[in-house]
Amino acid sequence: MSQKRAPDRAARVVRRMQDLSNTIEEIRGRLEDSRMPVVLSGAGISAESGVPTFRGAGGLWKNMRAEDLATPEAFERDPVLVWEFYDYRRRVLAGVRPNPAHYALVRLAERFKDLTIITQNVDGLHSLAGSPKVLELHGNIWRTRCLGCGRVEENRDVPITIPPRCACGGMLRPDVVWFGEALPADVIEAAFEAADRTDLMFVVGTSGVVQPAASLAPRAKANGAYLVEINPDATPISTVMDVVVKEKAGEFLPRLVGI
Ligand code: OAD
(Lines give C-alpha, C1' and ligand atoms only; values in the text may rest on other atoms or scores of the structure.)
Protein backbone atom coordinates (compact mmCIF):
# COMPACT_ATOMS: atom_id res chain seq x y z
CA MET A 1 0.00 0.00 0.00
CA SER A 2 2.75 2.43 0.89
CA GLN A 3 4.37 1.63 -2.47
CA LYS A 4 1.21 2.78 -4.22
CA ARG A 5 0.99 5.99 -2.21
CA ALA A 6 4.57 7.11 -2.72
CA PRO A 7 4.19 8.10 -6.40
CA ASP A 8 0.97 10.04 -5.55
CA ARG A 9 2.83 12.01 -2.95
CA ALA A 10 5.74 12.66 -5.26
CA ALA A 11 3.31 13.84 -7.95
CA ARG A 12 1.69 16.22 -5.48
CA VAL A 13 5.06 17.67 -4.50
CA VAL A 14 6.00 18.17 -8.16
CA ARG A 15 2.63 19.84 -8.84
CA ARG A 16 3.06 22.14 -5.85
CA MET A 17 6.52 23.15 -7.05
CA GLN A 18 5.20 23.80 -10.54
CA ASP A 19 2.34 25.88 -9.14
CA LEU A 20 4.81 27.88 -7.07
CA SER A 21 7.05 28.48 -10.09
CA ASN A 22 4.04 29.69 -12.09
CA THR A 23 3.01 31.97 -9.22
CA ILE A 24 6.52 33.42 -9.03
CA GLU A 25 6.51 34.09 -12.77
CA GLU A 26 3.10 35.75 -12.52
CA ILE A 27 4.21 38.02 -9.65
CA ARG A 28 7.51 38.85 -11.38
CA GLY A 29 5.49 39.93 -14.40
CA ARG A 30 3.42 42.21 -12.17
CA LEU A 31 6.62 43.64 -10.70
CA GLU A 32 7.93 44.36 -14.22
CA ASP A 33 4.89 46.53 -14.87
CA SER A 34 4.65 48.06 -11.40
CA ARG A 35 5.36 51.74 -10.82
CA MET A 36 5.04 51.67 -7.06
CA PRO A 37 4.87 48.44 -5.10
CA VAL A 38 4.08 48.63 -1.38
CA VAL A 39 4.54 46.08 1.40
CA LEU A 40 2.30 45.65 4.44
CA SER A 41 3.99 43.47 7.04
CA GLY A 42 3.02 41.92 10.35
CA ALA A 43 4.52 39.76 13.05
CA GLY A 44 4.82 36.75 10.72
CA ILE A 45 7.67 38.35 8.78
CA SER A 46 9.77 38.32 11.96
CA ALA A 47 8.73 34.79 12.98
CA GLU A 48 11.72 33.21 11.22
CA SER A 49 14.00 35.55 13.19
CA GLY A 50 12.64 33.91 16.34
CA VAL A 51 10.20 36.67 17.34
CA PRO A 52 6.92 35.28 18.70
CA THR A 53 3.78 36.31 16.81
CA PHE A 54 0.62 37.43 18.62
CA ARG A 55 -1.95 34.98 17.32
CA GLY A 56 -1.70 31.39 16.16
CA ALA A 57 0.29 28.59 17.78
CA GLY A 58 2.70 29.95 20.40
CA GLY A 59 1.39 33.51 19.89
CA LEU A 60 1.76 36.01 22.75
CA TRP A 61 -1.99 36.58 23.02
CA LYS A 62 -2.55 32.83 23.48
CA ASN A 63 -1.01 32.91 26.94
CA MET A 64 -1.37 36.54 27.93
CA ARG A 65 -4.28 38.95 27.86
CA ALA A 66 -3.77 42.03 25.70
CA GLU A 67 -6.18 43.92 28.01
CA ASP A 68 -3.75 43.41 30.92
CA LEU A 69 -0.61 44.36 29.03
CA ALA A 70 -1.24 46.49 25.97
CA THR A 71 -3.83 49.13 26.83
CA PRO A 72 -3.52 52.59 28.42
CA GLU A 73 -5.80 51.37 31.25
CA ALA A 74 -3.46 48.46 32.00
CA PHE A 75 -0.51 50.87 32.21
CA GLU A 76 -2.41 53.20 34.52
CA ARG A 77 -3.38 50.26 36.74
CA ASP A 78 -0.01 48.51 36.86
CA PRO A 79 2.90 50.19 35.02
CA VAL A 80 5.39 47.75 36.54
CA LEU A 81 3.57 44.71 35.10
CA VAL A 82 3.30 46.36 31.68
CA TRP A 83 6.98 47.34 31.73
CA GLU A 84 7.93 43.78 32.74
CA PHE A 85 6.10 42.52 29.66
CA TYR A 86 7.90 45.03 27.41
CA ASP A 87 11.24 44.33 29.08
CA TYR A 88 10.70 40.62 28.35
CA ARG A 89 9.99 41.39 24.70
CA ARG A 90 13.01 43.72 24.47
CA ARG A 91 15.22 40.94 25.88
CA VAL A 92 13.97 38.57 23.18
CA LEU A 93 14.46 41.17 20.45
CA ALA A 94 17.92 42.18 21.62
CA GLY A 95 19.19 38.78 20.51
CA VAL A 96 17.53 38.49 17.12
CA ARG A 97 18.61 39.47 13.62
CA PRO A 98 16.63 40.23 10.46
CA ASN A 99 15.89 37.13 8.37
CA PRO A 100 15.98 36.48 4.59
CA ALA A 101 12.46 37.97 4.20
CA HIS A 102 13.63 41.34 5.57
CA TYR A 103 16.72 41.24 3.34
CA ALA A 104 14.68 40.32 0.25
CA LEU A 105 12.69 43.54 0.78
CA VAL A 106 15.94 45.52 1.03
CA ARG A 107 16.86 44.06 -2.37
CA LEU A 108 13.44 45.04 -3.74
CA ALA A 109 14.02 48.62 -2.57
CA GLU A 110 17.21 48.73 -4.62
CA ARG A 111 15.02 48.24 -7.68
CA PHE A 112 12.09 50.40 -6.54
CA LYS A 113 13.61 53.42 -4.81
CA ASP A 114 10.21 54.51 -3.51
CA LEU A 115 9.31 51.13 -2.01
CA THR A 116 7.34 51.80 1.16
CA ILE A 117 7.11 49.16 3.85
CA ILE A 118 4.13 49.69 6.10
CA THR A 119 4.71 47.57 9.17
CA GLN A 120 2.71 46.75 12.26
CA ASN A 121 5.88 45.47 13.88
CA VAL A 122 7.57 47.37 16.68
CA ASP A 123 10.79 45.33 16.47
CA GLY A 124 12.70 47.65 14.12
CA LEU A 125 13.95 44.68 12.04
CA HIS A 126 13.07 46.18 8.63
CA SER A 127 15.26 49.21 9.35
CA LEU A 128 17.98 47.08 10.91
CA ALA A 129 18.08 45.03 7.69
CA GLY A 130 18.52 48.27 5.73
CA SER A 131 15.09 49.07 4.28
CA PRO A 132 15.13 52.82 3.69
CA LYS A 133 11.43 53.70 3.86
CA VAL A 134 9.53 52.11 6.74
CA LEU A 135 6.27 53.36 8.21
CA GLU A 136 5.91 51.96 11.73
CA LEU A 137 2.16 52.01 12.34
CA HIS A 138 2.40 50.73 15.92
CA GLY A 139 5.53 52.55 17.04
CA ASN A 140 8.88 51.11 18.07
CA ILE A 141 9.71 49.10 21.17
CA TRP A 142 13.17 50.69 21.38
CA ARG A 143 11.74 54.15 22.04
CA THR A 144 10.26 55.58 25.24
CA ARG A 145 7.82 58.47 25.64
CA CYS A 146 7.56 60.63 28.76
CA LEU A 147 4.10 60.96 30.22
CA GLY A 148 5.20 64.26 31.79
CA CYS A 149 7.03 66.28 29.11
CA GLY A 150 6.21 64.13 26.04
CA ARG A 151 9.87 63.64 25.10
CA VAL A 152 10.45 60.64 22.82
CA GLU A 153 13.86 58.98 23.06
CA GLU A 154 15.65 55.90 21.82
CA ASN A 155 16.38 53.57 24.74
CA ARG A 156 18.14 50.24 24.18
CA ASP A 157 18.74 49.31 27.82
CA VAL A 158 18.29 45.59 28.38
CA PRO A 159 17.13 45.13 31.04
CA ILE A 160 15.48 48.51 31.48
CA THR A 161 15.07 49.99 34.99
CA ILE A 162 11.44 49.42 35.91
CA PRO A 163 9.58 51.70 35.88
CA PRO A 164 11.89 53.98 33.87
CA ARG A 165 11.88 57.73 34.56
CA CYS A 166 12.56 60.75 32.38
CA ALA A 167 15.13 63.43 33.32
CA CYS A 168 12.10 65.66 34.07
CA GLY A 169 10.91 63.13 36.69
CA GLY A 170 7.93 61.93 34.63
CA MET A 171 7.24 58.25 34.07
CA LEU A 172 8.26 56.78 30.71
CA ARG A 173 6.06 54.46 28.68
CA PRO A 174 6.99 52.38 25.63
CA ASP A 175 6.50 54.46 22.47
CA VAL A 176 4.14 51.91 20.98
CA VAL A 177 0.45 52.02 20.11
CA TRP A 178 -1.80 50.16 22.53
CA PHE A 179 -5.31 48.85 21.93
CA GLY A 180 -7.79 51.71 22.08
CA GLU A 181 -5.19 54.31 21.09
CA ALA A 182 -4.94 56.29 17.87
CA LEU A 183 -2.07 55.61 15.50
CA PRO A 184 0.45 58.44 14.93
CA ALA A 185 -1.47 60.70 12.52
CA ASP A 186 1.41 61.41 10.13
CA VAL A 187 2.28 57.70 9.86
CA ILE A 188 -1.24 56.44 9.15
CA GLU A 189 -1.81 59.28 6.69
CA ALA A 190 1.34 58.31 4.79
CA ALA A 191 0.22 54.66 4.87
CA PHE A 192 -3.21 55.52 3.46
CA GLU A 193 -1.58 57.59 0.75
CA ALA A 194 0.73 54.70 -0.18
CA ALA A 195 -2.25 52.30 -0.27
CA ASP A 196 -4.11 54.72 -2.53
CA ARG A 197 -1.20 55.10 -4.96
CA THR A 198 0.18 51.60 -5.16
CA ASP A 199 -0.49 49.24 -8.04
CA LEU A 200 0.98 46.16 -6.31
CA MET A 201 0.72 45.39 -2.61
CA PHE A 202 2.45 42.53 -0.81
CA VAL A 203 0.70 41.57 2.42
CA VAL A 204 3.21 39.58 4.43
CA GLY A 205 2.78 37.77 7.73
CA THR A 206 -0.24 39.52 9.16
CA SER A 207 -3.43 37.94 10.45
CA GLY A 208 -5.32 40.96 9.09
CA VAL A 209 -7.54 41.42 12.11
CA VAL A 210 -6.22 44.63 13.66
CA GLN A 211 -7.53 47.93 12.32
CA PRO A 212 -6.76 50.24 10.65
CA ALA A 213 -3.82 48.20 9.27
CA ALA A 214 -6.16 45.47 8.01
CA SER A 215 -8.09 48.01 5.95
CA LEU A 216 -5.05 48.97 3.86
CA ALA A 217 -5.23 45.95 1.56
CA PRO A 218 -8.95 46.33 0.67
CA ARG A 219 -8.30 50.05 0.24
CA ALA A 220 -5.45 49.41 -2.21
CA LYS A 221 -7.62 46.89 -4.03
CA ALA A 222 -10.44 49.43 -4.35
CA ASN A 223 -7.92 51.70 -6.05
CA GLY A 224 -7.00 49.02 -8.56
CA ALA A 225 -3.93 47.45 -6.94
CA TYR A 226 -2.99 43.82 -7.44
CA LEU A 227 -2.72 42.09 -4.05
CA VAL A 228 -0.36 39.28 -3.07
CA GLU A 229 -0.63 37.64 0.35
CA ILE A 230 2.32 35.68 1.70
CA ASN A 231 1.28 33.67 4.73
CA PRO A 232 1.25 29.92 5.43
CA ASP A 233 -2.29 30.32 6.83
CA ALA A 234 -5.46 31.81 5.40
CA THR A 235 -6.62 35.10 6.94
CA PRO A 236 -9.88 37.09 6.89
CA ILE A 237 -8.37 39.30 4.17
CA SER A 238 -7.25 36.37 1.97
CA THR A 239 -10.54 36.74 0.12
CA VAL A 240 -9.60 40.15 -1.32
CA MET A 241 -6.22 38.93 -2.59
CA ASP A 242 -5.42 38.28 -6.23
CA VAL A 243 -2.83 35.70 -5.26
CA VAL A 244 -2.45 33.84 -1.97
CA VAL A 245 0.97 32.28 -1.47
CA LYS A 246 0.84 29.81 1.39
CA GLU A 247 4.55 29.86 2.10
CA LYS A 248 6.87 31.22 4.76
CA ALA A 249 8.03 34.75 4.00
CA GLY A 250 11.69 33.91 4.63
CA GLU A 251 11.54 31.16 2.03
CA PHE A 252 9.31 32.74 -0.59
CA LEU A 253 10.46 36.39 -0.76
CA PRO A 254 14.18 35.63 -1.38
CA ARG A 255 13.14 33.25 -4.16
CA LEU A 256 10.84 35.86 -5.67
CA VAL A 257 13.49 38.58 -5.79
CA GLY A 258 16.26 36.14 -6.73
CA ILE A 259 18.63 36.20 -3.77
P1 OAD B 1 -0.46 38.13 14.25
O2 OAD B 1 0.29 37.39 15.30
O3 OAD B 1 -1.88 38.43 14.51
O4 OAD B 1 -0.40 37.31 12.88
C5 OAD B 1 0.82 36.80 12.39
C6 OAD B 1 0.54 36.17 11.04
O7 OAD B 1 1.78 35.75 10.50
C8 OAD B 1 -0.37 34.95 11.08
O9 OAD B 1 -1.40 35.10 10.11
C10 OAD B 1 0.55 33.79 10.72
O11 OAD B 1 -0.11 32.78 9.95
C12 OAD B 1 1.61 34.49 9.88
N13 OAD B 1 2.92 33.84 9.86
C14 OAD B 1 3.52 33.10 10.82
N15 OAD B 1 4.74 32.71 10.43
C16 OAD B 1 4.93 33.23 9.18
C17 OAD B 1 6.01 33.19 8.24
N18 OAD B 1 7.15 32.54 8.50
N19 OAD B 1 5.84 33.85 7.07
C20 OAD B 1 4.71 34.52 6.79
N21 OAD B 1 3.66 34.58 7.64
C22 OAD B 1 3.77 33.96 8.82
O23 OAD B 1 0.39 39.44 13.93
P24 OAD B 1 -0.10 40.82 13.28
O25 OAD B 1 -1.08 40.60 12.19
O26 OAD B 1 1.13 41.58 12.97
O27 OAD B 1 -0.52 45.24 17.78
O28 OAD B 1 -0.83 41.48 14.51
C29 OAD B 1 -1.30 42.78 14.38
C30 OAD B 1 -1.16 43.53 15.67
O31 OAD B 1 -1.80 42.79 16.73
C32 OAD B 1 0.25 43.70 16.17
O33 OAD B 1 0.92 44.79 15.57
C34 OAD B 1 0.06 43.94 17.63
C35 OAD B 1 -0.93 42.83 17.89
O36 OAD B 1 -1.69 42.95 19.02
C37 OAD B 1 -0.32 45.96 18.88
O38 OAD B 1 0.36 45.56 19.80
C39 OAD B 1 -1.01 47.27 18.85
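1. Is C149 buried, exposed or partly exposed? C149 is partly exposed, with a relative accessible area of 45%, where buried means under 20% relative accessible area, exposed means over 50%, and partly exposed lies in between, using a 1.4 Å probe and protein chains only.

2. On provenance, this is a predicted model, in which local features need pLDDT of at least 70 and side-chain atom pairs count only at pLDDT 80 or more, while totals for chains, interfaces and linings use all residues. Residues are numbered from 1 along each chain as its sequence is written, and side-chain values use heavy atoms, with hydrogens and water left out.

3. Turning to the cysteines, a search of the whole structure finds zero disulfides, a disulfide being a pair of cysteine sulfur atoms within 2.5 Å. C146 is buried, with a relative accessible area of 4%, whereas C149 is partly exposed.

4. The salt-bridge count comes to 18, the criterion being a side-chain nitrogen of Lys or Arg within 4 Å of a carboxyl oxygen of Asp or Glu. One of these bridges joins R197 and E193, with an N to O distance of 3.9 Å, and both residues lie in helix α9 (residues 185-197), four residues apart, or about one turn of the helix. Helices here are DSSP runs of H or I with at least four residues, and strands are runs of E with at least two, numbered from the N terminus. R197 counts as partly exposed at 47% relative accessibility, and E193 is partly exposed with a relative accessible area of 45%.

5. Where do the two residues of the K221 and D242 pair lie in the chain? K221 forms a salt bridge with D242, with the closest N and O atoms 2.8 Å apart. The pair links distant parts of the chain, since K221 belongs to helix α10 (residues 216-222) and D242 to the loop between β8 (226-230) and β9 (243-245), 21 residues apart. Both ends are partly exposed, K221 with a relative accessible area of 31% and D242 with 35%. Elsewhere, salt bridges that share partners join E136, R143, R145 and D175 into one network.

6. The side chains of E154 and R156 also meet in a salt bridge, at 3.7 Å from N to O, and E154 is exposed, with a relative accessible area of 58%.

7. For the aromatic residues, the search of the whole structure finds six pairs; rings of Phe, Tyr and Trp (its six-membered ring) pair if their centres lie within 6.5 Å, and planes under 30 degrees apart count as stacked, over 60 as edge-to-face and the rest as tilted. F75 and W178 have ring centres 5.3 Å apart and planes at 35 degrees, so the pair is tilted. This pair, too, links distant parts of the chain, with F75 in helix α5 (residues 72-77) and W178 in the loop between β6 and α9, 103 residues apart. F75 is buried, with a relative accessible area of 7%, and W178 counts as buried at 2% relative accessibility.

8. By contrast in category, F85 and Y86 form an edge-to-face pair, because their centres are 5.1 Å apart and their planes stand at 80 degrees; both residues are buried. F54, W61, F75, F85, Y86, W178 and F179 form one aromatic cluster. The charged end of R173 sits over the ring of W178, 3.8 Å from its centre, the criterion being NZ of Lys or CZ of Arg within 6 Å of the ring centre and within 35 degrees of the ring normal. R30 lies over the face of Y226, at 3.9 Å from the ring centre.

9. The bond from V158 to P159 is cis, with omega near 0 degrees, and P159 lies in the loop between β5 (152-154) and β6 (172-176). A cis peptide bond also joins Q211 and P212, with omega about 5 degrees, and P212 is found in the loop between β7 (200-204) and α10.

10. Finally, strand β1 (residues 37-41) is mostly covered, with five of its five residues buried: P37, V39 and S41 are on one side, V38 and L40 on the other. β1 and β7 pair in the parallel sense over five bridges, two strands being paired if DSSP finds at least two bridges between them, and the bridge partner of L40 in β7 is V203. Four bridges join β1 to strand β2 (residues 116-119), and these strands run parallel, with T116 as the bridge partner of V38 in β2.
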